[in-house]
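Please read this note with the model open beside it. The points are numbered so that each can be checked in turn.

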Amino acid sequence: MSGPLLSTYLHAFRLDKETYVLSVSTVFLVFSVVQTAAFTILGLYTESRLGESLLALVPIMIMLEMGARLTQGLSRRAFDLMILVVLIASGARLVYGALT
């Protein structure tokens, strides 16, 4: 749920591509660290869940690298359009999920 809201908020600042990507990545990293700490303190992490979480980092790291390479060749306008398309799709998915 926080992804579309955060992305919309940061997009409104009209940051350059690199700063936008770094900002989104940093905020999600901080959220993840806080969530992991809270889950650990509450005893919600089992060995299995921890293993699954670590395994999930592999595709995340691959996609972050792919995204960074993809945005290098995009103009500012194309980058903004891509962000808006993703935000609209995310918003539509949230509305659809709420209605069904």
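1. Which backbone oxygen does the side chain of Thr71 reach? The side chain of Thr71 reaches the backbone oxygen of Ala68, at 3.1 Å. This is a polar contact (a pair of N or O atoms within 3.5 Å; within protein, one must be able to donate a hydrogen and the other to accept it, and residues adjacent in sequence count only if both atoms are side-chain atoms).

2. Some ground rules come next. The model is predicted, so local features need pLDDT of at least 70 and side-chain atom pairs count only at pLDDT 80 or more, while totals for chains, interfaces and linings use all residues. Residues are numbered from 1 along each chain as its sequence is written, and side-chain values use heavy atoms, with hydrogens and water left out.

3. Thr71 is found in helix H3. Helices (H or I, at least four residues) are DSSP runs, numbered from the N terminus. With a relative accessible area of 11%, Thr71 is buried; buried means under 20%, exposed over 50%, and partly exposed in between (1.4 Å probe, protein chains only). Not counting residues up to four places away in sequence, Thr71 touches Lys17, Phe79 and Met82, where contact means heavy atoms within 4.5 Å.

4. Lys17 brings us to helix H2, which covers residues 17-41. Helix H2 has 25 residues and reaches 36 Å from its first C-alpha to its last, close to the 36 Å expected at 1.5 Å a residue. The expected span is 1.5 Å times one less than the number of residues. The buried residues of H2 are Lys17, Tyr20 and Val24. What covers these buried residues includes helix H1 (2-11), H3 and helix H4 (76-99).

5. Look next at the two sides of H2. After H2 comes Gly43, whose phi is positive, near 75°.

6. Arg14 lies in the loop between H1 and H2. Its phi is also worth checking: Arg14 has a positive phi of about 55° although it is not a glycine. Most residues other than glycine have a negative phi. Arg14 counts as exposed, at 54% relative accessibility. Leaving aside neighbours within four places in sequence, Arg14 is in contact with Arg76 and Asp80. Arg14 and Ile83 are 69 residues apart in sequence and 11 Å apart in space, C-alpha to C-alpha.

7. How many salt bridges does the count come to? The count comes to three salt bridges, each being a side-chain nitrogen of Lys or Arg within 4 Å of a carboxyl oxygen of Asp or Glu. Side chains of opposite charge can pair when their charged atoms come close. One of the salt bridges joins Asp80 to Arg14, with the closest N and O atoms 3.2 Å apart. This pair links distant parts of the chain, 66 residues apart: Asp80 in helix H4 and Arg14 in the loop between H1 and H2. Asp80 is buried, with a relative accessible area of 10%.

8. Asp80 also pairs with Arg76, the closest N and O atoms being 3.0 Å apart. Arg76 and Asp80 are four residues apart in helix H4, so about one helical turn separates them. Arg76 counts as partly exposed, at 30% relative accessibility. Salt bridges that share partners join Arg14, Arg76 and Asp80 into one network.

9. Glu65 forms a salt bridge with Arg69, and here the closest N and O atoms are 2.7 Å apart. Because Glu65 and Arg69 are four residues apart in helix H3, they are separated by about one helical turn. Glu65 is partly exposed at 41% relative accessibility, and Arg69 is exposed at 57%.

10. The last point concerns the surface. Leu50, Leu54, Leu57, Ile60, Met61 and Leu64 form a nonpolar patch there, with about 560 Å² of accessible area together. Patches are made of residues with over 30% relative accessible area and no salt bridge; like charges are joined within 9 Å, and nonpolar side chains (Val, Leu, Ile, Met, Phe, Trp, Tyr) within 5 Å. Accessible areas come from the Shrake-Rupley method with a 1.4 Å probe, and for residues only the protein chains shown count as cover. Leu64 is in helix H3 (residues 47-72) and counts as partly exposed, at 45% relative accessibility.
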